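Take a walk through the structure shown below.

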Amino acid sequence: MIRINYLVDKVHLYHERYIKTFTSELNLNHMKNKMIISTCLVLGLFVWACGGSDSEQQQNVASTETEEPARKDDKKGIGSIKNVELTHPLNQTMVGDGEKVYNLKCSACHRLTKEKLVGPGWKEVTHRRKPEWIMNFSTNAEEMLSKDATAMALLEECLVRMPNQNLTEADSRNVLEFMRSNDGEK
Amino acid sequence: MRKLKTINMINMLIMLFILIGVSVTSCKNKVKGNGADKDAASKVYVEPGKHDEFYNIVSGGFSGQMTVYGLPSGRLLRIIPVFSVDPTTGWGYSEETKPMLNTSHGMVPWDDSHHVALSLTNGTHDGRWAFINGNNTPRIARIDLKTFRTVEIIEIPNSSGNHSSPFITQNSEYVVAGTRFSYPMDDDNSNPDVPISSYKQNFKGTVSFINIDPKTGNMGVGFQVLLPGFNFDLARAGKLKSGDWVFFSCYNTEQANTLLEVNASQKDKDFIMAVNWKKCEELVKAGKATVKKVKYAHNSYSEITHSGKSDMITEVKMLDPKQYEGLVYFIPCPKSPHGCDVDPTGSYIVGSGKLAAIIPVFSFDKMLKAIAAKTYEGNFEGIPVLKYDAVLHGEVKKPGLGPLHTEFDGKGNAYTSFFVSSEIVKWNIEKLEVLDRVPTFYSVGHLSVPGGPTNKPWGKYVIAYNKITKDRYLPTGPELTQSAQLYSIDGDKMKLLLDFPTTGEPHYAEAIPAELIEKNSVKIFKLEENKNPYVTMGEGQAKVVRKGNEVHVYMTAIRSHFTPDNIEGVKMGDVVYFHLTNLEQDWDVPHGFAVKGASNAELLVMPGETQTLKWIPERVGVSPMYCTDFCSALHQEMSGYIRVSPAGSNVPLKFSTGVTEPAAVSSVK
């Protein structure tokens with residue numbers, strides 16, 4: 001799926017000059033995404049039906065199939081983070097490490113206030129989103145921007161795909177702690 | 001309909017070709033025809049989105065660069081800047097990469113790169129590094145195959161025309177370098193002012209052994225061997241039983257210094273030179289080498305500081321083989337030998353005399369016997385010359401015209417390129433019998449079998465690197481594309497599968513299975529590890545600092561803005577350094593940087609990397625700067641302005657990005 005998003009991104013770039021508004025661009029983006037997924041599905045099924053053994057195609061089938069039944073949205077996002085145990089009081093070492101990651105990799109687009117810059121301001125983000133959602137989004141942005149309803153809605157609002165900033169799970173957890181601190185938790 | 005016509009035409013051409021091919025026996029390849037097998041397309045078709053089976057790492061010739069193609073598709077994957085500046089990426093222009101092109105002659109922005117050598121472990125490809133020679137200003141470069149970037153360039157002292165280079169020993173102990181052009185060297189190995197006609201008295205040659213650190217790959221000039229003045233052309237290291245030796249082809253043993261075309265073609269035989277590098281190494285370790293005063297540059301690039309540095313080195317160890325027996329022997333080889341290739345078993349050395357009507361194959365075992373029995377026919381300036389017949393395994397009779405280079409398939413067969421008769425000839429090494437021949441279009445120079453120079457060739461294909469394309473492609477004026485041709489060698493008969501255009505002029509190339517390299521490919525540079533002295537670790541650190549008349553802009557790039565993107569307070573007479581850090585940490589998201597009127601280059605900065613562009617404003621006014629690498633939907637918005645005021649004006653230094661960024665002032669005296 002990462003590959004698909006990447007392709008869509010490129011296709012979308014090359015079409016940019018012909019497109020008048022970002023809204024229509026976004027629609028095109030979605031349309032292309034769907035088209036590519038269905039093409040993969042058809043191709044994948046064809047390979048499967050012909051007894052093909054191409055593992056990559058098989059994987060595409062698998063990933064699109066799991067997507068087929070309407071998934072119940074638990075608002076935790078999509079990714080490796082299933083459950084986060086929040087601890088009290090805040091771990092100040094983690095808050096400090098999270099702030100370092102923020103300064104290096106996040107601050108170019110996110111303010112610590114409510115103000116939207118490229119992406120939304122972080123104030124009260126821990127009230128709006130579940131901790132799992134925050135960690136999944138910061139470690140698995142590409143997949144979530146194509147599958148997670150909340151992330152997709154944000155993309156429509158901000159119009160810029162949040163980049164993969166190569167955060168480890170530990171980085172992401174530290175950033176979460178920093179966000180909690182930013183939201184006034186002690 | 002059109003397709004049918006084309007197929008008919010192709011069939012007709014094939015028929016025509018076969019007919020003419022049958023009737024003409026000697027000057028075979030004047031025939032026009034596409035020469036390809038009927039089902040060729042299916043054998044080179046790589047589905048969109050699928051990867052090739054081999055990387056083909058090709059020298060750029062007069063371009064000075066290295067190019068990378070996928071095989072069997074022939075798709076161009078990358079041009080790696082090596083010896084020549086590249087304003088597209090900033091190579092040789094950014095402050096960080098400038099030291100890489102430094103030499104004892106100062107900054108040299110170009111070279112002529114001829115031969116590729118891939119690193120070996122136990123005589124087989126290990127996929128770590130590629131080496132390439134600079135022919136004009138003698139140098140060897142090392143390219144890291146994790147990043148496909150040039151990480152080291154070493155200049156070769158006491159050398160001119162570094163052609164027989166960088167051929168590699170079987171465990172990457174050394175790459176070699178030999179002087180194509182001998183030149184005057186006196187006792188201090190300087191280049192004294194003497195008449196050119198004093199060639200025989202004053203001119204000398206050297207071969208250098210450049211050691212390679214087994215862990216880091218770092219190069220150093222291990223030692224040099226002082227030799228008679230003539231031309232050293234190509235080389236190959238021995239393998240397995242001959243692994244302690246390196247063989248060099250030599251021409252112009254006539255020692256001519258003018259009209260070499262005629263004057264260096266007088267003798268019936270020139271030499272293949274055998275050098276026992278193991279013995280040389282032992283002598284050097286035992287302190288037997290003389291230390292000579294020289295001056296050469298050693299440049300290395302760090303992917304942690306993202307910066308190159310250039311050190312000037314002043315000494316080299318030199319061995320004189322006249323003083324020690326057993327180091328160097330000459331083997332007579334007919335007619336100005338060019339290629340000098342060792343078969344995968346290490347038993348045979350194939351010499352290719354450019355003007356010879358035969359291919360001599362020498363036996364390593366016989367060479368050792370001849371050395372032991374001192375079966376000499378004489379000596380050349382004190383170095384023993386072995387007897388031709390005592391070393392010869394046999395001659396391939398009537399192989400073709402103008403043999404140049406030989407590669408191997410590991411099944412007992414050799415493939416020799418013939419420039420004059422424009423063909424590749426397959427022959428059996430033991431029996432010396434010609435087995436097959438195919439035309440090339442046209443005038444093949446080097447050729448390459450994947451793993452062909454190693455102990456265990458991967459086989460499957462032979463690629464011809466041609467000097468002339470003439471009518472093979474759409475014409476593009478007087479200057480035509482260079483080309484390569486891919487042939488299948490799976491069966492008994494070689495079959496042409498594909499022509500593909502190449503950049504520069506391809507000389508030697510190697511091909512290596514993709515799986516040995518692909519898995520190690522670096523996707524990003526980690527920001528946390530960036531130790532460039534001018535890195536901006538996060539947008540909050542972005543700043544503009546004045547130091548006298550230098551203005552240092554610590555700038556960040558991320559989709560889709562620069563910080564700062566408004567800069568004021570620069571004055572005429574200032575020198576501006578843009579230190580751009582790409583904050584992206586995702587694969588395939590470089591950012592570019594250009595500023596109007598920059599007389600040097602743009603920058604292309606990889607994720608996590610910092611690069612610096614020097615800009616000297618030459619007029620007052622506001623200049624735009626922008627990202628040159630299409631990075632996102634809002635790429636067109638990724639831009640900014642820098643204001644240049646008259647000298648002596650009192651506009652304060654200011655920088656900002658966006659309305660939310662409070663304008664700040666920084667002034668360091």
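This is a predicted model: local features need pLDDT of at least 70, side-chain atom pairs count only at pLDDT 80 or more; totals for chains, interfaces and linings use all residues.

In soluble globular proteins, nonpolar side chains tend to be buried together. Here the largest nonpolar core has 188 residues. B:Phe247, B:Val275, B:Ile331 and B:Tyr487 touch the most other members.

B:Cys340 leads on to B:His405. The two are 65 residues apart along the chain, yet their C-alpha atoms are separated by 7.2 Å. B:His405 sits in strand β26 of chain B, residues 403–408. Is B:His405 buried or exposed? It is buried, because 26 other C-beta atoms lie within 10 Å, and 20 or more is the cut-off. Beyond its neighbours within four places in sequence, B:His405 contacts B:Gly339, B:Asp341, B:Ser352, B:Thr416, B:Ser417, B:His446 and B:Leu447.

Now turn to chain A. Helix α4 (residues 92–106) of chain A and helix α9 (residues 169–182) of chain A have axes that come within 7 Å. These axes cross at roughly 100°, so α4(A) is roughly perpendicular to α9(A). By class, this contact has 7 nonpolar, 3 polar and 5 charged residues. Among them are A:Met94, A:Val95 and A:Tyr102 from α4(A), and A:Val175, A:Leu176 and A:Phe178 from α9(A).

Last, the two chains meet. The contact takes 22 residues from chain B and 19 residues from chain A. On the side of chain B, 9 are nonpolar, 9 polar and 4 charged.

Definitions and conventions:
Residues are numbered from 1 along each chain as its sequence is written. Chains are lettered from A and ligands numbered from 1 in the order in which they are written. Two residues are in contact if their C-beta atoms, placed from the backbone, lie within 7 Å. Ala, Val, Leu, Ile, Met, Phe, Trp, Tyr, Cys and Pro count as nonpolar, Asp, Glu, Lys and Arg as charged, and the others, Gly among them, as polar. Axes are lines fitted to C-alpha atoms, for helices over the stretch in contact, and angles run from 0 to 180 degrees between N-to-C directions. Helices (H or I, at least four residues) and strands (E, at least two) are DSSP runs, numbered from the N terminus. Angles under 35 degrees count as roughly parallel, over 145 as roughly antiparallel, 65 to 115 as roughly perpendicular and the rest as oblique. A nonpolar core is a set of buried Ala, Val, Leu, Ile, Met, Phe, Trp, Tyr and Cys residues joined through C-beta atoms within 7 Å. A residue is buried if 20 or more other C-beta atoms lie within 10 Å of its own, exposed if 12 or fewer, and partly exposed in between; C-beta atoms are placed from the backbone.
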